[in-house]
Amino acid sequence: MSRLKVLMLTRLFPSKAFPTLGTFCLERAKALSRHVDVRVMVPTPWFPASMPGPSEWNKWSAVELHGKLEGGLSATYPRYLSIPKIATWSQGVAMTIAIRRNFLEDFKGWNPDVIDGHFAYPDGYASVKLAKYLKRPCLVTCHGSDLRLYPELPFAGTMLRWTLKSADRVLSVSNSLRSKSIELGCNEQNAIFIPNGVDTEKFKPLNKVECRQKLNLPLDEKIGICVAALIDIKNQSLIIKALHRLRYLQLPLPYVIFLGEGPNRYRLEQEARQLCVDDRIFWVCKRPHVEVATWMAASDWLLLSSLHEGWPTVYFEAMACGRPILSTNVDSAKDAISSPDLGLVVEDYSPETFANALNKIAETDYDEDAIRRHAEAHSWSRWAEQALEVMESVVRATSA
């Protein structure tokens, strides 16, 4: 088979205005580009400046129309009308119109063999619509929030179900999401589980002491790191309450690094002060993706306290640095942390349970080399091989 042409379509992708947005989709595109001709379309929300709306939405107007990204990839950023909190179903329609217009204007003379849509709605819906217009097969990948937020919404839920039934293949980043996609209408034979990968060159074991010296962190203390936006769904309050519980029980108290930004920063800082654990917390603003490896290598474990997740890329990023994971039981937790040798999964959201697990992981010696080997088996290169196999199969089936 000649070199495939793949059109990746996703809202979540880096731009000059949002350089760390959707880095996992960028990593996917880079890994695929070693095997196929990849072009990327990034539908970007737009609404009239004259209309009232959240101030942060104005930032989207700064996104470029065309961009060159890491790895020599090119991307277009077509605008689609999206009014905050109004008619979620209309986003699928507006995005469909915008990407068809963008394809006809910017992709003249280039026709994809397959369309690779990310997030089942609205991106996946628009991807399938474009694929049917071009008479090409379409893959849709479910990442978590899409199957959690939209199924019960009027019209949007119907459009989501149509997408899952109509896509040639539906990929999911966890087994539980695969099961959910089938419940929502995907043919079981078309539902495939392929987890996210990791850049094992960017994330790799580094000397812990040297990293701590570089970052001005304590050299002889246990340190956990939570790499996540400071928003409700990431639930960092659970970690703060667990630290308070350990202090109350007079058990060893680790330091915790919160690496990320978000609207909950002030509230979380207040909670840490009120619970008298603010002396054990480092607040670190969002860092470039390439720097995250140094912070992970400086820590002893990754902490994830989320209420919901698809497949957090930080799982394998931490493992690639040789670090075990302590995570709440989100969709993909037991797929990623498949052995006690890789860390712990907390079954409930009580501070007591999380504190006990934090104390246990601090007392456990982990084999960093074994954890690294587990991550290497889930590199983006390996992911690309699996994804390419699926793409080639649907192209062959369509041709036949």
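Contact here means heavy atoms within 4.5 Å. The views below come from a predicted model.

**View 1. N196 and its neighbours.** N196 touches R28, H143, V173, W311, T313, F316, H378 and W380, leaving aside residues up to four places away in sequence. N196 sits in the loop between β10 (191–193) and α7. Its relative accessible area is 3%. Buried means under 20%, so N196 counts as buried. Two polar contacts of the N196 side chain can be picked out here. One runs to the side chain of R28, at 2.4 Å. The other goes to the backbone oxygen of W311, at 3.2 Å.

**View 2. Helix α1 against helix α15.** Two packed helices are described by the angle between their axes and the distance between the axes. Helix α1 covers residues 23–33, and helix α15 covers residues 380–399. Their axes come within 9 Å and cross at roughly 70°. That angle makes α1 roughly perpendicular to α15. From α1, the contact uses F24, E27, R28, A31 and L32. From α15, it uses W380, W383, A384, A387 and M391. Of these contact residues, 8 are nonpolar, none is polar and 2 are charged.

**View 3. The loop residue S305.** S305 belongs to the loop between β14 (301–304) and α11 (314–320). With a relative accessible area of 0%, S305 is buried. Beyond residues up to four places away in sequence, S305 touches K234, N235, Q236, L238, I239, T328 and Y349. What separates the C-alpha atoms of S305 and Q236? The separation is 6.1 Å, although the two residues are 69 residues apart along the chain. The side chain of S305 also meets backbone oxygens. A polar atom of this side chain lies 2.9 Å from the backbone oxygen of K234. The S305 side chain reaches the backbone oxygen of N235 at 3.0 Å.

**View 4. The salt bridge between K234 and E309.** Side chains of opposite charge can pair when their charged atoms come close. K234 forms a salt bridge with E309, and the closest N and O atoms are 2.6 Å apart. The pair links distant parts of the chain, 75 residues apart. K234 is in the loop between β11 (223–227) and α8 (237–248). E309 is in the loop between β14 and α11. That loop also holds S305. Are K234 and E309 buried or exposed? Both K234 and E309 are buried.

View 5. The structure holds 15 salt bridges. In one of them, the side chains of D123 and R11 meet at 2.6 Å, N to O. D123 lies in helix α3 (residues 120–134). R11 lies in the loop between β1 (5–9) and α1. The two residues are 112 residues apart, so this pair too links distant parts of the chain. D123 is buried, and R11 is buried as well. A cis peptide bond joins Y121 and P122, with omega at about -5°. R372 and E376 both lie in helix α14 (residues 368–376). They are 4 residues apart, about one turn of the helix. Their side chains meet in a salt bridge at 3.0 Å, N to O. R372 has a relative accessible area of 13% and is buried. E376, at 39% relative accessibility, is partly exposed. Elsewhere, salt bridges that share partners join E27, K30 and K202 into one network. E27 is one of the α1 residues in the contact with α15.

View 6. N216 is not a glycine, yet its phi is positive, at about 60°. Where does N216 lie? N216 is in the loop between α7 (208–215) and β11. At 68% relative accessibility, N216 counts as exposed. C276 also has a positive phi, near 60°, in a residue other than glycine. C276 lies in the loop between α9 (265–274) and β13 (281–284). C276 has a relative accessible area of 46% and is partly exposed.

Notes. Residues are numbered from 1 along each chain as its sequence is written. This is a predicted model: local features need pLDDT of at least 70, side-chain atom pairs count only at pLDDT 80 or more; totals for chains, interfaces and linings use all residues. Side-chain values use heavy atoms; hydrogens and water are left out. Buried means under 20% relative accessible area, exposed over 50%, partly exposed in between (1.4 Å probe, protein chains only). A polar contact is a pair of N or O atoms within 3.5 Å; within protein, one must be able to donate a hydrogen and the other to accept it, and residues adjacent in sequence count only if both atoms are side-chain atoms. Axes are lines fitted to C-alpha atoms, for helices over the stretch in contact, and angles run from 0 to 180 degrees between N-to-C directions. Angles under 35 degrees count as roughly parallel, over 145 as roughly antiparallel, 65 to 115 as roughly perpendicular and the rest as oblique. Ala, Val, Leu, Ile, Met, Phe, Trp, Tyr, Cys and Pro count as nonpolar, Asp, Glu, Lys and Arg as charged, and the others, Gly among them, as polar. A salt bridge is a side-chain nitrogen of Lys or Arg within 4 Å of a carboxyl oxygen of Asp or Glu.
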